[in-house]
Structures are given as structure tokens and as C-alpha cells.
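Work through the exercises below with the structure in view. Each task is followed by a solution in steps.

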Amino acid sequence: MGDKVLPEVSKSDDEQFEDAQSKEDFNERTVDEVIEKVMGLSVRRPPDSDAEEFVDCVNGPEVSQSQKKPTTAGEENESCRQVAGTSEEESPPEDDLIDEDSQRDYECGLSEEELEANKTKADELKQQGNELFKQGEHSRSLDLYTQALRLCPLDRKEARAILYANRAAAKAKLDRKQSALEDCTKALEYNPHYLKALLRRANLYEETDKLDESLEDYRKVLELEPGNGEARSAQVRLPPKIAERNERLKEEMMGKLKDLGNMILRPFGLSTQNFEMKQDPQTGSYSINFNQGGKQ
């Protein structure tokens, strides 16, 4: 007796949908892994429904009462900082804010004598700050420069430019370079030809690897003072560093693009080795040639 051939069982619409959904989920995970590996980006898929997302956000993972442990106030504060995505190191407490809008409103009600008295007090605070800076008391000198800026009338542009530049020097000593850059820029808003602030900002730009901005500031220095030795030296030192950085960035990007291209071409039995890019020396344009025998 011959073997019976079992009738082919067709899948229901629901079963076929589940198979298709499983394949789609697998493909999505594969694409996510490729993006994360090549570009260094983590792709987070949304939950299946808004209700699930809400439950996860409010309740989090289920934990039994016996597993829970009491938390201290310090631990709760740390948890809040982590949720906000910042830490004390990333966002140091700033107590040197200068609210010029409020200061302008305040000064509208002052007489000329009162404004001049504030300017005199600001000068005294600046001198005290200078002495502390010379003694290496950079944090205390910064506080005094801030107090002086809150007193110095807004129309005393030269005096305020000096205060901002001095405060930038104190912040630079405290390794608060980004904030120091902002103070240098503020000083130059009050006095665009302030050579010391321009040089200080150029130095800070170079230290923070903003080489193009640094070179631009040094060029402005040479416009104001053609014989400035520091700026002339930077004109020689920075262009090769900029070219080296640009070449490094280009190589890194080309490497990532090549890896991504190989990931895409691999299912077709190809790789980026199958494509040869040639540059026309006359026009600078590129042409791409296909090479069937390229290495896989």
C-alpha cells in the first residue's frame, strides 16, 4: 500500500500575518544592528501602542514589595538628575548670570550721580578682583568681576568690555572654557577692537579645537595690529593643523560610508571593492566604474 500524501494545510490569514510580522520584526532588528554598528547610533523602536508606553513610563518594570528597598533623599535626587539627562559635572551651577534687561530697567530710575557712584564701586571691585587674580584666587576674582558687571552702567561700554575680558581670563584658569569664550564674545560686542579679548578668544578657540574660528580671530588681530607676533605665528601654525583635521575627518567618514555600503551590497554578492572611483584631474569630478572581479 503506497504512502498516503497528506493534504497541504493552508495557513489561516491570522497565521500568515504572524509569519509576515515576525519576518518584518527580524528585518527591522537587522537594520537597527547595521546602523548601530556602522554609525554608532542606537535606534530605539516605539512600543506597539501608546497604552504600553504609558504603562512603562508610569509603572516601569513590576517589582514586588519584598524586592523594593527604601531610598534616601540623595538617591532620589540622583535619580532625578539621571532622568533629566544631565549631571552636576555636565551642568555646573552658574551664579555669574548677568541679566542686562533687568539691569537696564533698574538703571532707568537712577540719576546720573547714582550711575556714576555705581561705576566707581564697580571699578573698586575690578581692582580687588585683579589683585585676587594675581594671587591665584581665580574663583574669588571671578565673583568680584561678576559683582562689578552687575553694578557697572550699561552705557560704560569700555569698562564693561574690560570686566568681561577679565572674567573670561578667570574662567579660563578654572577650565570653564566655553563660558570664557562667551565672555570674550560679550567683551567684543562692547568693544569690537579690543585686542586683548580678541587674542584671548583666539587662544580659547584653538584650545577647544575650533581651529577655523581661531584662525579667523588671529586674522582680525593682524588687521588691528599687523606686527602682532602671536597672530603671525598662528597664521603659520594653524592652516596645516586645519588641513590635517579635515583629512582625518574625511577618512573617518569615508570608512563609515564604506562599511555601510558593504552591508547594503552583501546580500547581492557585491562589495564596495566592485566599484572604482576615479577623479578627473582637469575638472575635479569623479566617475564610478563597475568591476565584476573586485574582491568580495
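**Exercise 1: a residue on helix H11**

Met-253 counts as partly exposed because its relative accessibility is 43%; buried means under 20% relative accessible area, exposed over 50%, and partly exposed in between (1.4 Å probe, protein chains only). The model is predicted: local features need pLDDT of at least 70, side-chain atom pairs count only at pLDDT 80 or more, and totals for chains, interfaces and linings use all residues. Residues are numbered from 1 along each chain as its sequence is written, and side-chain values use heavy atoms, with hydrogens and water left out.

Task: state which helix holds Met-253.

Solution: Met-253 belongs to helix H11, residues 229-265. Helices are DSSP runs (H or I, at least four residues), numbered from the N terminus.

**Exercise 2: Glu-100 and its partner**

Task: find the residue that forms a salt bridge with Glu-100 (a side-chain nitrogen of Lys or Arg within 4 Å of a carboxyl oxygen of Asp or Glu).

Solution:
1. The partner is Lys-186, with the closest N and O atoms 3.6 Å apart.
2. Glu-100 lies in helix H4 (residues 100-107) and Lys-186 in helix H8 (residues 177-190), so the pair ties together parts 86 residues apart in sequence.
3. Glu-100 is buried at 13% relative accessible area, while Lys-186 is partly exposed at 23%.

**Exercise 3: Asp-212 and Arg-245**

Task: describe how the side chains of Asp-212 and Arg-245 meet.

Solution:
1. They form a salt bridge of 2.7 Å, N to O.
2. Asp-212 is in helix H10 (residues 211-224) and Arg-245 in helix H11, 33 residues apart.
3. Asp-212 is partly exposed at 39%, whereas Arg-245 is buried at 12%.

How values were computed:
Helices (H or I, at least four residues) and strands (E, at least two) are DSSP runs, numbered from the N terminus.
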